[in-house]
Amino acid sequence: MDAQVGAWEPPAELAEEHVRALDNSVRGMAAESDTLRPDDADAARLREVVNAQPDARAGLFAERSSEQLVGWLRVLTLAEETIPGCAAGAKSPVIQIARLLRERGDYPSGLTAWIRSVSNNRFLPYGSLLDRL
């Protein structure tokens with residue numbers, strides 16, 4: 001039996017299937033508080049969002065309302081803790097969304113405390129100090 005091992009590459013562009021997975025997860029999380037339980041297909045799409053290049057995510061995030069982005073930020077924060085392959089450290093999309101929300105003046109006041117209460121990622125929500133210099 002010949003098995004080939006290759007490197008997994010995230011998609012170059014994020015599409016509507018990724019938006020659906022994020023929105024489905026927001027709805028599921030709203031029903032169950034701070035618990036994230038996506039199905040396998042949604043978990044795979046969330047993993048692709050987390051591992052996508054920042055430029056690919058930027059286009060997807062820029063088109064969305066601040067309300068939608070806050071929901072996605074919450075989902076992606078929990079995804080890092082619960083979905084294998086979603087730990088992103090200083091490259092987390094949560095940082096990218098938080099920056100965008102702050103630029104818009106729409107960053108909710110209690111969001112940083114919530115992030116720190118549910119996440120072990122020490123870079124959230126501000127990112128690496130080296131990246132900000």
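Which side chain does a polar contact of 2.6 Å join to that of histidine 18? To find out, keep in mind that the model in the viewer is predicted, and follow the stops below.

**First stop: helix α2**

Select residues 40-51, which form helix α2. This helix has twelve residues, and the distance from its first C-alpha to its last is 16 Å, close to the 16 Å expected at 1.5 Å a residue. Next, select aspartate 39, which caps the N-terminal end of α2. One of its side-chain oxygens lies 3.2 Å from the backbone nitrogen of alanine 41.

Now colour the buried residues of α2: Asp42, Ala43, Leu46, Glu48, Val49 and Val50. An α-helix has 3.6 residues a turn, so residues three or four places apart point the same way.

**Second stop: glutamate 48**

Stay in helix α2 and select glutamate 48. Its relative accessible area is 13%, and glutamate 48 therefore counts as buried, the cut-off being under 20%. Display histidine 18 as well: the opening question is answered here, for the side chains of glutamate 48 and histidine 18 are joined by the polar contact of 2.6 Å.

Select residues 66-82 for helix α4 and residues 111-118 for helix α6. Their axes come within 10 Å and cross at roughly 15 degrees. Because angles under 35 degrees count as roughly parallel, α4 is roughly parallel to α6. To see the contact, show Leu73, Arg74, Thr77, Leu78 and Glu81 of α4 together with Leu111, Trp114, Ile115 and Val118 of α6.

Terms used. Residues are numbered from 1 along each chain as its sequence is written. This is a predicted model: local features need pLDDT of at least 70, side-chain atom pairs count only at pLDDT 80 or more; totals for chains, interfaces and linings use all residues. Side-chain values use heavy atoms; hydrogens and water are left out. Helices (H or I, at least four residues) and strands (E, at least two) are DSSP runs, numbered from the N terminus. The expected span of a helix is 1.5 Å times one less than its number of residues. Buried means under 20% relative accessible area, exposed over 50%, partly exposed in between (1.4 Å probe, protein chains only). A polar contact is a pair of N or O atoms within 3.5 Å; within protein, one must be able to donate a hydrogen and the other to accept it, and residues adjacent in sequence count only if both atoms are side-chain atoms. Axes are lines fitted to C-alpha atoms, for helices over the stretch in contact, and angles run from 0 to 180 degrees between N-to-C directions. Angles under 35 degrees count as roughly parallel, over 145 as roughly antiparallel, 65 to 115 as roughly perpendicular and the rest as oblique. Contact means heavy atoms within 4.5 Å.
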